[in-house]
Amino acid sequence: MGNEALARLAEERVDHRFKGLPPDADGLSVAELAAQRRNLFTGGFTTPVLALSAERLEHNLALMETYAARHGLAFAPHGKTSMAPALFQRQIERGAWGITLAVPHQMRVARAFGVERIFLANELVDAAALRWIAGELAADPHFRLVCYVDSVSGVRLMDAALRDAGAGRPLDVVVELAAGEGARTGVRTDEECAAVADAVAATGTLRLVGVAGYEGEVPRADPERVRAWLRRLVALAAGFDKAGRFAGLDEIVVSAGGSAWFDAVADVFAEIPELSVPVLKLLRSGAYVSHDDGHYRRLTPFNRVPGEGALEPAFRLWTQVVSRPSPGQAFANAGKRDAAYDLDLPVAQVVRRDGAERPADGVTVTALSDQHAWLETTGEADLEVGDWVGLGLSHPCTAFDKWQLIPLAEADGTVVDYIRTFF
């Protein structure tokens with residue numbers, strides 16, 4: 001990756017753009033502020049402030065590296081979760097094949113920071129973006145992009161845009177198999193898959209390198225249905241190979257894997273028969289990097305395979321009680337601008353007062369306004385105006401995107417670095 005670009009991030013000046021950071025740090029570079037190793041609770045940070053656990057982040061990175069290696073999977077974690085180049089770098093250092101992304105802007109961020117391999121989990125028909133991709137492929141022989149195709153019309157639009165751009169080397173594509181009737185994107189039938197593959201073969205600008213899809217969209221998903229769909233994906237790859245559609249390749253890409261069913265992906269991909277060339281079994285889970293205290297905590301495959309380890313929720317949103325109007329109610333100063341709330345409301349976990357931390361017994365988040373959390377309090381709740389309340393969040397993707405510069409804090413509150421995001 002581009003260490004020079006990451007180094008420039010460390011030179012960025014801290015100012016009003018970055019909420020939660022100490023006002024008296026204005027003008028310092030990110031590196032200078034990090035070198036001060038300020039404490040999250042006593043170092044001048046203002047609430048609300050989102051913190052990422054340094055220890056838990058490292059644990060999660062290591063766990064998924066080990067998991068992928070144990071199961072013979074290549075790993076392209078979905079970067080849309082964090083959109084943080086510093087985390088992309090750490091994922092690649094931990095053995096990731098590359099980074100998965102979804103839209104042109106995200107690819108531009110990754111390329112600006114030197115990511116050499118991108119898996120685009122989307123069909124791309126934007127002519128301006130395809131012109132840019134043609135330029136990237138021409139300028140950097142080491143850059144590899146693999147992109148979904150899911151329609152003959154999409155293939156024709158891609159071909160036309162790349163020809164107009166004077167593309168030199170072909171863009172690698174995989175046929176996306178839909179997860180089922182009425183599911184999200186992807187080709188619905190084997191006949192349509194063959195038609196899309198034929199359309200790719202008829203171009204000079206695209207090269208078919210495999211098949212892919214997202215099992216998280218399988219209707220009424222359960223282990224049996226998910227494994228059945230994954231076996232259909234494997235059969236599609238084998239059928240394409242038998243038909244000679246992958247002639248001339250060094251490897252065939254077979255890719256799936258969100259954050260809820262990667263155990264099923266590992267099991268079924270272990271059954272992939274020997275094809276004409278080696279298979280790159282590419283897993284794409286992304287939410288693991290921070291994990292969470294809600295949706296993914298409930299859905300993680302590690303609940304089904306506890307012997308393989310456990311992810312740890314790494315986010316905590318610190319907010320402050322600003323109103324205590326009645327014994328049954330309090331308000332804290334973090335709301336929809338600060339917390340993920342699309343899947344579950346935040347969960348009150350701990351209360352800090354005068355340097356002491358204790359469980360947030362009797363405190364429940366019942367609603368969010370733009371800038372307030374509504375807290376319901378029972379008789380056991382010991383809560384006063386001025387207390388800091390630590391909230392657990394659900395859904396990493398909509399937690400990262402509300403914060404441009406996130407303190408990376410050790411267990412005692414020492415902030416050792418800052419994670420810059422680009423949404």
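This is a predicted model: local features need pLDDT of at least 70, side-chain atom pairs count only at pLDDT 80 or more; totals for chains, interfaces and linings use all residues.
R37 is partly exposed, with a relative accessible area of 46%. Although R37 is not a glycine, its phi is positive, at about 45°. You will find R37 in the loop between α2 and β1.

That loop, which runs between α2 (30-35) and β1 (49-53), is also the place of P48. Here the peptide bond from T47 to P48 is cis, with omega near 0°.

Now move along to M83, in the loop between β2 (74-75) and α4 (85-93). M83 is not a glycine either, yet it has a positive phi of about 45°. Is M83 buried or exposed? With a relative accessible area of 1%, M83 is buried.

## Aromatic pairs

How many aromatic pairs does a search of the whole structure find? The search finds twelve. A pair of aromatic rings is described by the distance of the centres and the angle of the planes. For one of them, W318 and W388, the ring centres are 6.3 Å apart and the planes stand at 50°, so this pair is tilted. The two residues come from distant parts of the chain, 70 residues apart: W318 belongs to strand β10 (residues 315-326) and W388 to strand β16 (residues 388-392). Both W318 and W388 are buried. Together with F41, W318 and W388 form one aromatic cluster.

Another pair to look for is F331 and W374. Their ring centres lie 4.9 Å apart with the planes at 70°, so the pair is edge-to-face. This pair, too, links distant parts of the chain, with F331 in strand β11 (residues 329-332) and W374 in strand β15 (residues 373-377), 43 residues apart. F331 is buried, at a relative accessible area of 14%, while W374 is partly exposed, at 34%.

## Charges over rings

Which ring does the charged end of K19 sit over? The ring is that of W403, and the charged end of K19 is 4.3 Å from its centre. In a second example, R420 lies over the face of F422, at 4.8 Å from the ring centre.

## Helices that cross

Two packed helices are described by the angle between their axes and the distance between the axes. Start with helix α8 (residues 190-201) and helix α9 (residues 223-242), whose axes come within 12 Å and cross at roughly 45°. These two helices are therefore oblique to each other, and the crossing of α8 and α9 is right-handed. On the α8 side, the contact is made by D190, C193, A194 and A197, which meet R232, L236 and F240 of α9.

Helix α9 also packs against helix α10 (residues 262-269), at an angle of about 45° and with the axes 10 Å apart. That angle makes α9 oblique to α10. What is the handedness of the crossing of α9 and α10? This crossing is right-handed. From α9, the residues in contact are V226, R227, L230, R231, L233 and V234, and from α10 they are D263, A264, V265, D267, V268 and F269.

How values were computed
Residues are numbered from 1 along each chain as its sequence is written. Side-chain values use heavy atoms; hydrogens and water are left out. Rings of Phe, Tyr and Trp (its six-membered ring) pair if their centres lie within 6.5 Å; planes under 30 degrees apart count as stacked, over 60 as edge-to-face and the rest as tilted. Helices (H or I, at least four residues) and strands (E, at least two) are DSSP runs, numbered from the N terminus. Buried means under 20% relative accessible area, exposed over 50%, partly exposed in between (1.4 Å probe, protein chains only). A charge sits over a ring if NZ of Lys or CZ of Arg is within 6 Å of the ring centre and within 35 degrees of the ring normal. Axes are lines fitted to C-alpha atoms, for helices over the stretch in contact, and angles run from 0 to 180 degrees between N-to-C directions. Angles under 35 degrees count as roughly parallel, over 145 as roughly antiparallel, 65 to 115 as roughly perpendicular and the rest as oblique. A crossing is left-handed if the near helix is turned anticlockwise from the far one by less than a right angle, and right-handed if clockwise. Contact means heavy atoms within 4.5 Å.
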